[in-house]
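User: I am new to this structure and would like to be walked through some of its packing. Could you take my questions one at a time?

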Amino acid sequence: MEKVINLGITHVGELILESIDTPGLIKCLEVSKAWKELAENVLIKRWKGKMFEACQNGETKVVQLLLERCNFEESGWNSTDENGATPLMWACFNGHKDVVKLLLDSNIELNARSNYGDTALMWACQNGHKDVVQLLLDYSDSNMDDFLDWGYIIDVNATNYYGWTAFMAACCNGHNDVVKLLLNHSDPNVDLNVRNNQGYTAFMYACFNGHKDVVQLL
């Protein structure tokens with residue numbers, strides 16, 4: 001391969017690499033500078049416009065390349081699925097911390113909502129991804145002092161169309177560490193007494209489901 005590259009026949013090298021799957025191409029990035037350039041070109045062609053899928057699957061290097069090498073439209077940064085969920089929301093849902101950090105470093109909006117009113121924070125809390133929740137809260141807090149646009153300051157008390165909050169989801173599923181994080185968040189404070197459309201609170205759900213540690217915290 002190096003001989004092909006050194007001869008300047010880069011298109012031939014790319015054709016050869018196109019038969020390699022994405023994990024294999026990512027390994028090629030570490031071989032040499034020439035291999036890295038070719039592998040990156042192939043990855044960009046393969047994933048251009050597929051930011052949503054890359055975030056959902058936790059393809060950290062792919063997401064980084066799309067953010068660095070593609071414009072807003074080419075990257076698919078603002079794409080959504082059939083339910084209106086964003087790339088950030090799916091990265092949070094699946095706990096892909098490194099992908100979430102890349103998106104946050106690119107100043108992506110925190111409060112985008114799915115067709116059901118869900119947010120990225122709700123999905124991270126629902127599945128107990130403590131590190132992701134911490135990232136979201138820290139990013140929001142860092143923007144608070146600068147009085148940036150509301151889209152970069154997280155709404156911890158946002159409700160979806162069923163009246164559920166992120167805090168309620170964490171309590172209902174017994175994610176003790178996530179509940180602690182939210183309780184310690186001070187600006188704004190988490191509203192403990194929000195009731196969903198059925199009239200239930202986070203405390204009620206923790207009791208219903210027998211989450212003793214969460215009940216003690218509350």
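User: How are H6 and H9 oriented to each other?

Analyst: This is a predicted model, in which local features need pLDDT of at least 70 and side-chain atom pairs count only at pLDDT 80 or more, while totals for chains, interfaces and linings use all residues. Residues are numbered from 1 along each chain as its sequence is written, and side-chain values use heavy atoms, leaving out hydrogens and water. Helix H6 (residues 60-69) and helix H9 (residues 97-105) pack with their axes 9 Å apart and at an angle of about 10 degrees. Because angles under 35 degrees count as roughly parallel, H6 and H9 are roughly parallel.

User: Which residues of H9 make the contact with H6?

Analyst: Contact means heavy atoms within 4.5 Å. On the H6 side, the contact is made by Thr60, Val63, Gln64 and Leu67. Their partners on H9 are Asp98, Val99, Leu102 and Leu103.

User: Is Glu40 buried or exposed?

Analyst: Glu40 is found in helix H4 (residues 33-47), and, leaving aside its neighbours within four places in sequence, Glu40 is in contact with Leu29, Leu65 and Arg69. Buried means under 20% relative accessible area, exposed over 50% and partly exposed in between, with a 1.4 Å probe and protein chains only. Since its relative accessibility is 11%, Glu40 counts as buried.

Technical notes. Axes fitted to C-alpha atoms, helices over the stretch in contact; angles between N-to-C directions. Helix = DSSP H or I, 4+ residues; strand = E, 2+ residues; numbered from the N terminus. Parallel < 35°, antiparallel > 145°, perpendicular 65-115°, else oblique.
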